[in-house]
Amino acid sequence: MPANHLQALTSPQMSSRVTVLCTSIVGEVSRRLCKLSPKRRRRIHDMCIQRSPHDTTEKLYTKYKEVIMEYITSVVLPSLKDKHDEFLLRELVIRWSNHKVMSKWLSRFFSYLNRFFIKRNSLPSLDEVAFTCFQDQVYKVTKGKVKDAVISLIDQERGGEQIDRGLLKNVIEIFVEIGTDKMDYYKNDFEEEMLKETASYYSRKASNWILIESFPDYMLKVEECLRKEKDRVVHYLHATSEPKLIEQVRHEVLCVYSSQLLENEKSGCCVLIQEHKVDDLSRMYKLFSKIDDGLCRISQIYKKHVTVEGTTLVKKTDDVASNKEAEKRVVVGLQEQTFVREVIELHDKNMPLVNDCFQNHTLFRKVLKEAFEIFLNKTVAGSSTAELLVNYCDNILKKGGSEKYSDEAIEQILEKAVNLLGYIYDKDLFVEFYRKKLARRLLFDKSANEDHERSILTKLKQQNGTHFTSKLEGMVTDMTLARETQADFKDYLQCNPRTNPGIDLSVTVLTTGFWPSYRSSDFHLPFEMTKCIQAFAEFYPTKTNSRKLTWIYSLGTCNITAKFELQTIELIVTTYQAAVLLLFNDSDRLSYSEIMSQLNLADDDVVRLLQSLCCLKYKLLNKEPNTNSISSDDVFAFNSKFTNKMRRIRIPLPIVDEKKKILEVVDKDRKYVVDACLIRIMKSRKVLNHQQLITECVEQLKVFKPDLKLIKKRIEDLINREYLERDSENLNLYRYLA
Amino acid sequence: MRRSSTRKSGSAAAVNPSSGSSYAYRSASGKAVSKEVERIDNLFYTYADASSGLIDPEGIESFCSDLEVDCTDVRILMLAWKMKAEKQGYFTLEEWRRGLKALHADTISKLKKALPELEKEVARPSNFLVFFSYSFRYCLTEDKQKSIDIESACQLLELVLGSQYRLQVDKLVEYLKSQRDYKVINMDQWTSFLRFCNEINFPSLDNYDEELAWPLILDNFVEWMKGK
């Protein structure tokens, strides 16, 4: 149409033309007829380019909006008005979809408006106009009912019914899209209520479950509903809802009842641990790791459990020790070994729990350590656990102790034993007892396997540092050196026949400091042996310089041939025992005091020796009177009538219990160690207050846990010896005196 | 009883070898002061032992009886403190002069009057700590001695703290005598006793914290008290 033709139209005419045009276009679009005849398009275009006073763009714009509004009020709203539930949702989805399409096409057709008029006047675009209409007229009116419908469907699905997930997804998308870039509508008009409803739904469920389900079954239910809710999000809720949704659910089903669940007497955490239900424990760990304090509480229950189990083992051993009077020593000794073994088993049982079920979490490693430290640092049957552990290792390492185990098995056992030491505070006590036992094994040839001896020392070194095992390693090395020296000694004797004493002598030279201290005595060595000692005493300086030898005869062994009336038997005895027996070469009868003076030993030694020779298993001497204990009035005679089916017998000499002495040694050492530590700290810090000094001292001491009173006493001693002084103003402050 | 009576300045030369200097002194400074010094010195010589030139335990005994104070009275210890006397049981001339000059006492009667004032002075907190430490050192008779035996410590406690801290001293003495851990008390422990009496509520002991740097002997004492 020529331009002037349009010009000729009046305003009202133009107005109605626009109306008609818009309406028809809208109508056609709503019927999904997106084609517009060129004629129509042309007409729009012409209208848009008119100049004033025939400028119709503004009218077009206004009409556009009006028409859309009318469409909504007359078509869309009525279609939604009386619908409910699923029907409402379906209708809404259709209407929204239509609207979007319509808006898109209309914008396109009237795009000329967008380009000039709207821009020039900063008005909302046609898109925005359409959108706002829908939002104001449709969404705001129906959102309440829609929300309720959606939530109700969700609950139905929770209840087990099948619902149309696709539909829900579409509806929920409306909530999202209606907010353009912001999620405010989704959150406020839907999510908030949905979360509340979820909470109350699960609150009801949980209050039911808690009454009827066992803890493991309850957890399965929790797992399941969490999984289902996650699934729900994937399928139709918006991703941002997931954390909040899960949080709500978890709170209602787990947090609220966490204590009740864990502490359930029949099936709670404690029971699961006791019954070693690894699957349930793993599940519990996973679930409770997500709630505040969850793992903390579990770890406390776990710690208590382990502590109780350990303490029961302690008590069992204590009971045995206090009950049996008669065969006390043997039974107690056995029970003590059992104790160590059972503690190791307890540890073995718990490691998989910590590593697997509790995923090696530091919290659980820590409480396991604390629990073991609690019961392993009690006295058990009157002995320190350090001593028991040493005895346990001794039994493995000595001959006959572990023949049934393979090398690998023994390695494992030693590994576990060393592990246990990690929990014991009195490590220095362990070393001292170990030294004593090691000395006996080495000197009396009771060690089963040198490789194992070295292996355990390596493990101890790895755990506690080189200094810890230096003495022990020195002892083992001494034995190797002794063999070399012995070979040289043999050569020497061959080359110097006049020095040869005629008796096979083998000497082990011990480096003082490595070995436990032994008191040398003024023992009168039998004549036959003095020549042997002399030979070695002459040889030794040819090998080394400036070494002083002190002979410890109490540690020697002797093979002695005894001619009895019916047999000749070889006896393996200690040097002291040999000395007693040799006395009877010259006298038939000897009194106690004669024996004592000839040997020049103390009473307790003499009593022990004589007991071993006539009151225990082998009666090599006869005693008058024939009682079972030694008294200083007794008289002894050689028992020539002694027989035995063996040709060679070892006559054991019971060991003196040196526990008390060892404890004294260790106590004394500790004083020096603490002194050195305190001086070291003060030297570097110069000035330090009391609590800090104590704290640092405790931290630095690794081989034992110092008694606070001990540290205090040492500080006072150092003040007295003028290494430290108290500050005159602040009496809690110490100063180092150079 | 006095061994000798006061002499005129002239014949003082026979007893005091350094009379020359005191003569010069008298003429150099004011008459009143020098008279005081003279009298102080004279007083010294009434108790001093002729051969040693010191007042020895016997002299102190007669000094005390003139003062009408028991030799074991704490005021004698206070006097010793004022004199800064070094050796228990002996006063040197210098110490004597120091003490009596400070008290402005050159006669026995003046000394007697000065004693209450001296007690007050010692009781002042700033002085008391010094006096308290001094009393311990005063008991160390041997050269390298650093501690005193329990019995002496108890007596000293009684003497020095008995009036001010009756309750504490009674209990502390009872404890010290009954325990076996310590046979002697050293200076550090001694000073802590005073601190203990000053700071710790007795007999409740509610503000005692054994995690602080109190000597172990007091930790044990508190434990013993709580156990009763």
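Is Asp394(A) buried or exposed?

1. A residue inside chain A. Asp394(A) counts as buried, because its relative accessibility is 9% and the cut-off for buried is under 20%. The model is a predicted one. Asp394(A) sits in helix H18 of chain A, which covers residues 385–397. Leaving aside residues up to four places away in sequence, Asp394(A) touches Lys437(A) and Arg441(A).

2. The contact between the chains. Chain B brings 16 residues to the contact and chain A brings 13 residues. About 1300 Å² is buried between chain B and chain A, and carbon and sulfur atoms give 45% of that area. On the side of chain B, the residues that lose the most area to chain A are Asp188(B), Ala213(B) and Leu216(B), which together make up 40% of what that side buries.

3. Side chains of opposite charge can pair when their charged atoms come close. Between chain B and chain A the count is 4 salt bridges. In one of the salt bridges, Arg726(A) meets Asp188(B), at 2.7 Å from N to O. Asp188(B) is also one of the residues of chain B that lose the most area to chain A. The interface of chain B and chain A has 14 residue pairs in polar contact, with both residues at pLDDT 80 or more.

4. Which parts of chain B touch chain A. Two helices of chain B, H11 (187–199) and H12 (216–227), each supply at least two residues of the side that touches chain A. H12(B) gives the most to this side, with 4 residues. Sorted by class, the side of chain B that touches chain A has 6 nonpolar, 3 polar and 7 charged residues.

5. An annotated span in chain B. UniProt, in an unreviewed entry, lists residues 35–226 of chain B as "domain: DCUN1". In the model this span is 65% helix and 3% strand, and its end C-alpha atoms lie 60 Å apart.

6. Salt bridges within chain A. Over all chains, the structure holds 74 salt bridges. One of the pairs is Glu370(A) with Lys303(A), whose side chains meet at 2.7 Å from N to O. This pair links distant parts of the chain: Glu370(A) belongs to helix H17 (residues 362–376) and Lys303(A) to helix H15 (residues 294–323), 67 residues apart. Glu370(A) is partly exposed, with a relative accessible area of 24%, whereas Lys303(A) counts as buried at 18% relative accessibility.

7. A further pair that uses H15. In the salt bridge of Lys349(A) and Glu309(A), the closest N and O atoms are 3.7 Å apart. Lys349(A) lies in helix H16 (residues 328–357) of chain A and Glu309(A) in helix H15, 40 residues apart, and the pair links distant parts of the chain. Lys349(A) is partly exposed at 34% relative accessibility. Glu309(A) is partly exposed as well, with a relative accessible area of 23%.

8. Lys399(A) and Asp445(A) form a salt bridge of 3.3 Å, N to O. Lys399(A) is in the loop between H18 and helix H19 (407–421), and Asp445(A) is in the loop between helix H20 (427–443) and helix H21 (450–464), 46 residues apart. Lys399(A) counts as partly exposed at 44% relative accessibility, while Asp445(A) is exposed, with a relative accessible area of 53%. Elsewhere in chain A, salt bridges that share partners join Asp155(A), Glu157(A), Arg158(A), Arg165(A), Glu229(A), Asp231(A) and Arg232(A) into one network.

9. Backbone points to check. Most residues other than glycine have a negative phi, and most peptide bonds are trans. The bond that joins Glu624(A) and Pro625(A) is cis, with omega about -5°. Pro625(A) is in the loop between strand E6 (621–624) and strand E7 (635–638) of chain A. The peptide bond from Phe202(B) to Pro203(B) is also cis, with omega near 0°.

10. Positive phi values. Ser546(A) is not a glycine, yet its phi is positive, near 35°. Ser546(A) lies in the loop between helix H23 (527–543) and strand E3 (557–563) of chain A, and it is exposed at 77% relative accessibility. In chain B, Leu205(B) has a positive phi of about 60°. Leu205(B) is buried, with a relative accessible area of 2%. The loop between H11 and H12 of chain B holds Leu205(B), and Pro203(B) has its place in the loop between H11 and H12 too.

Conventions: Residues numbered from 1 in each chain as written. Chains lettered and ligands numbered in written order. Predicted model: local features only at pLDDT ≥ 70, side-chain atom pairs only at ≥ 80, totals over all residues. Heavy atoms only, no water. Contact = heavy atoms within 4.5 Å. Buried area = accessible area lost by both parts, 1.4 Å probe. Polar contact = N/O pair within 3.5 Å; in protein donor to acceptor, adjacent residues only side chain to side chain. Nonpolar A, V, L, I, M, F, W, Y, C, P; charged D, E, K, R; others polar. Buried < 20%, exposed > 50% of the residue type's maximum accessible area, 1.4 Å probe, protein only. UniProt positions renumbered as here; feature names shortened; annotations may be inferred.
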